[in-house]
Amino acid sequence: MIKTTFLAVISHWRYRPIQLITLVTGIALATALWSGVQAINSEARASYARAASVLEQANLQQLITGDQQGIPVETYASLRQAGWKVSPVIEGTVRLGGKRIRLIGVDPLTMPQSNDAPLVKDASDLAEFIRAPGVILMSAETAAQLTDVQGLRIKLSPSVPEDAAFVDISVADRLLQRKGKVSRFVIAPDQSPSLPPIGKISPDLSIRAGGNGTDVSSLTDSFHLNLTAFGFLAFVVGLFIAYSAIGVTFSQRRGTFRTLRSLGVSLKSLTAILILELTVLALIAGSIGVAIGYVIASFLLPGVAATLQGLYGASVVGTLSFRAEWWLAGLAMALLGTAVASAQSIRQLWNMPILASAQARSLATGAERSLRVQAVLGLLLLSLAVLLTWVQGGLVTAFGILAALLLGAALMLPAVLAYTLGRAERWARKPIPRWFWADTRLQLPGLSLALMALLLALSANIGVGTMVSSFRTTFIGWLDQRLAAELYVTARTEEEAERLRAWLPSRVNTVLPIWSVDGDVLGKPVQIFGVADDATYRENWPVITGGDDVWDKIASGKGALVNEQMWRREGLKVGDRIALPGNFSVDVVGVYSDFGNPVGQVLVGLGAFGQHYPNAAKLRYGLRVQTSELDRVRSALIDDFGLPADAIVDQATLKRQSRAIFDQTFAVTGALNALTLAVAAFAMFSTLLALAASRLPQLAPLWAMGVRRRKLARLEVIRSVALWAATYFVSIPVGLALAWVLLAIVNVEAFGWRLPLMIFPIDWIYLGLAALGAALVSVYYPVRLLSKVAPAELLKVFTNER
Amino acid sequence: MILSMSAVTKSYQTAEGCLSILQGIDLDILAGETVALTGESGSGKSTLLHLAGGLDIVDTGTIVAHGVNITRFGEAERAEYRRTQAGLIFQQYNLIPSLTVKANLHFHAQLADRYDASWSDSLSAGLGLQGLLDRYPDQLSGGQQQRVAIGRTLAARPPLVLADEPTGNLDEATGDAVLEIMVSLCKAAGSSLLMVTHSTRLAAKLDRTITLKSGRILS
Ligand SMILES: Nc1ncnc2c1ncn2[C@@H]1O[C@H](COP(=O)(O)OP(=O)(O)O)[C@@H](O)[C@H]1O
Ligand SMILES: [Mg+2]
């Protein structure tokens, strides 16, 4: 019996293949975008975790110093004497055979064993590692790119990230010329109790907590959260399609369900059969979706990798590996989505009487009431969004605002449209227009889900587009300010830098040293720069807050400028005193914007910088040169001075590179945006197609009263376009609100910058044209069906055996 | 002469081949006349009505309405004909669900540019619809809906009213009452009526009865 019933139930799809396609496509698209984004996220996360745990032993506590020169060997001795079990690490970047790699020198004897450390497994490994000439441990990918390893024996290990290598600490000391200075210590997890505090042994050292990984992960988290939010939005839009498709197929099969039940199929077994049917469909569609998601992810991953590298310096392998967990997660998501999308239809089935009631449900009252409920819910959500903007609650609150805003607006949309249509109906005098408005209002409940999906997609487009354009405009303006010098040169050694300092002044207008040290300020790593007292900075530097005398105070050595992200993160105020490494205290005198930088920055006067950090590398310089002189100076630097060409970068190239990184970043967002819009257009198409079948009985009476088919078809087109247009106009304020939340709340929480909201109406026009095109495409086929419908089909509506 | 059909044939193309439904119909209806059309189920009564109403096209033969040959009409002219010359009333009422009773009542008349407030008011009074004007069709009973459908057609004052089993969905008492009103209002409007019905009892209330059988009209 079950089999017979099942066959009867699924025979429906043979008559309605388009609906089957719609349903499968809806679930597949929802799953595809979601799992595509998840694939990217899990790949990137896996990359960071691997890099952090392998390279930095990040799960362990570390001893670090603010001193650029490193930690003297004597400190190591006193730490061991005091009973601290620590292992020294010497690390840095080195050029090996034309390629820069990160070299990590470890002491295999004292390094705490961990699961991630790929170093040595047994005594023979150990002997080989230490014995001259020594081993260099790296991945096969890195090894393939190296031409020279200074006589070291290459050993391959797949767990070492790209562009990095492990060597014995003595080898690292030699290659990096550290003269015994240690970069950091790894603290073994099994310390004996009652040890003297670190500060007693060496006041320069501080402990960095282990476990939570590096700053990269917390910074990139926000980027992934953004991606996830997008993936989720697309998932919801895809669910709308599935929801409406399931609703249509259930209502069309009502007759069949009634017949089956009157033939003695119990409600329970009918429900079980339908759930079985939906599960099979969800699994098929989910598999298709995961496969599409994989394709999407492999297209987007290189862009994401470039973004993460450019924005955060986080390295992600640009290729996708197959992970069983997201395949399963994708299927689970498809099942969950189908369950959500079908819950209401199943519930209605339970409430359906066996005998068809003579009267159909009351259209006027039922639909109106649910509209009102939705509108009230939407209004509540919008109020919640407004309320939440007063709460300072980090990124989660920020995304809560976004969700409440979008969902609230979507729920309000049908009520707003119904109200507008009601007005139009009252104002219409002629019978056809009046019918047109009233009939459109009657269609609203059927169309509202597709319209909500459209609203979400359009608002996301406007919101994210506005954010990106605002960001881009600000960023380019900022680049112009930041990159004021025409040429940037980097000396290879301190000796060469000294020669450069002597050689340059007679040949260029101004030499601006770019000297910096890394150190901890307020417990977090920051970069400290020394800046010359020069008009270049006074005229160009992108200072956001600070008085007129900022640069005088900097020049005096008592003041410091901090970048915006450090200012917001630490809650600094102008006038605050901060302690820099090396017993150097300065007053914060102003703030400047510093986009795309994950770490804090402090700018101090060059004189004071030189006094406090005499050992800082003095390799980089910005040069002010007349534009006409640019080529001459560059060739003189190469030919006369002998600097390699790649040590000289001009402003234009730097700007181009920065802009390229920027555009890469948002290419991913743009692609997701376009995909979401495409999904929404498909939702509209499938809804119109489903409705087209039920339109015939509604249109036939008009035809019988002498309204031509062509006119009816034209009115159908106008209706769809009008609804799209109305949704589009609603999406503009919603999109702007979204952009504001992104710029003023999400960005500040995620990146530490606040950007001004700039409006680009021309983009709206493009989007509007794209939406119009999509509207016409989505309405074309259903209306063609209608306008070509044979009079016989229309007549059937009137014949008695209907 | 309001309607004159001569030698009209009509057949349908089906899977089993050509199905001949009407095989030479000759029929004249005078102005103001009310005619009942009876016949077995499937004999082609609805088909005949659709041809007379300009909803469908004859295979051969001619239909002349008001002195004009409508068989040569194109799509646009047939639409105009339905709008102004022939009013159709169906068994399933076919009201427009999105419009109120009042808007439904005025709809056809406004389309035909024949809206007349006092005639409409007397129609809704005659049909007993005054209390229902602001309701929507799905808030009415079957008999009420059919009265609205009749009112909608008669408000447009078409010279010819074509009704296809208008009371088929109603119980006998309601059906009789509705029919009574329809015939008297047709007379008041000066419209001719061609009504399909199964019931000889109802047919007897009209001026004359014709019967379809084997694709022809029995004399
Ligand atoms: N579009 C069509 N295609 C094929 N056959 C049709 C079509 N419309 C009606 N018929 C057939 O024509 C015959 C007459 O139909 P109809 O005029 O509706 O009969 P009645 O109204 O007298 O019951 C029936 O056998 C019906 O099945
Ligand atoms: Mg019939």
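# Exercises on a predicted two-chain model

In chain B, residues 24 or more positions apart account for 74% of the contacts with a separation of 6 or more, where contact means heavy atoms within 4.5 Å. This is a predicted model, in which local features need pLDDT of at least 70 and side-chain atom pairs count only at pLDDT 80 or more, while totals for chains, interfaces and linings use all residues. Residues are numbered from 1 along each chain as its sequence is written, chains are lettered from A and ligands numbered from 1 in the order in which they are written, and side-chain values use heavy atoms, with hydrogens and water left out.

## Exercise 1: the two chains

Solution. Begin with the elements, for which helices (H or I, at least four residues) and strands (E, at least two) are DSSP runs numbered from the N terminus.

Next comes burial, where buried means under 20% relative accessible area, exposed over 50%, and partly exposed in between (1.4 Å probe, protein chains only).

## Exercise 2: helix H23 and its partners in chain A

Work out how H23(A) is placed against H24(A) and against H15(A).

Solution. Take H24(A) to begin with: H23 (residues 709-750) and H24 (residues 761-787) of chain A pack at an angle of about 150 degrees, and their axes are 9 Å apart. Here axes are lines fitted to C-alpha atoms, for helices over the stretch in contact, and angles run from 0 to 180 degrees between N-to-C directions. Angles under 35 degrees count as roughly parallel, over 145 as roughly antiparallel, 65 to 115 as roughly perpendicular and the rest as oblique. H23(A) and H24(A) are therefore roughly antiparallel to each other.

Sorted by class, the contact of H23(A) with H24(A) has 18 nonpolar, four polar and two charged residues; Ala, Val, Leu, Ile, Met, Phe, Trp, Tyr, Cys and Pro count as nonpolar, Asp, Glu, Lys and Arg as charged, and the others, Gly among them, as polar.

Then turn to H15(A), which packs with H23(A) at an angle of about 35 degrees, their axes being 4 Å apart. The contact of H15(A) with H23(A) has 27 nonpolar, 10 polar and three charged residues.

## Exercise 3: single residues

Is Lys179(A) buried or exposed, and what of Glu165(B)?

Solution. Lys179(A) lies in the loop between helix H7 (169-176) and strand S7 (184-187) of chain A. Although not a glycine, Lys179(A) has a positive phi of about 50 degrees, and with a relative accessible area of 75% Lys179(A) is exposed.

Glu165(B) is in the loop between strand S7 (160-164) and helix H6 (172-189) of chain B. The phi of Glu165(B) is also positive, near 45 degrees, but at 12% relative accessibility Glu165(B) counts as buried.

Where is Thr153(B), and which residues does Thr153(B) touch?

Solution. Thr153(B) belongs to helix H5 (residues 142-155) of chain B, and is buried, with a relative accessible area of 1%. Not counting residues up to four places away in sequence, Thr153(B) touches Gly87(B), Leu88(B), Ile89(B), His108(B), Pro158(B) and Val161(B).
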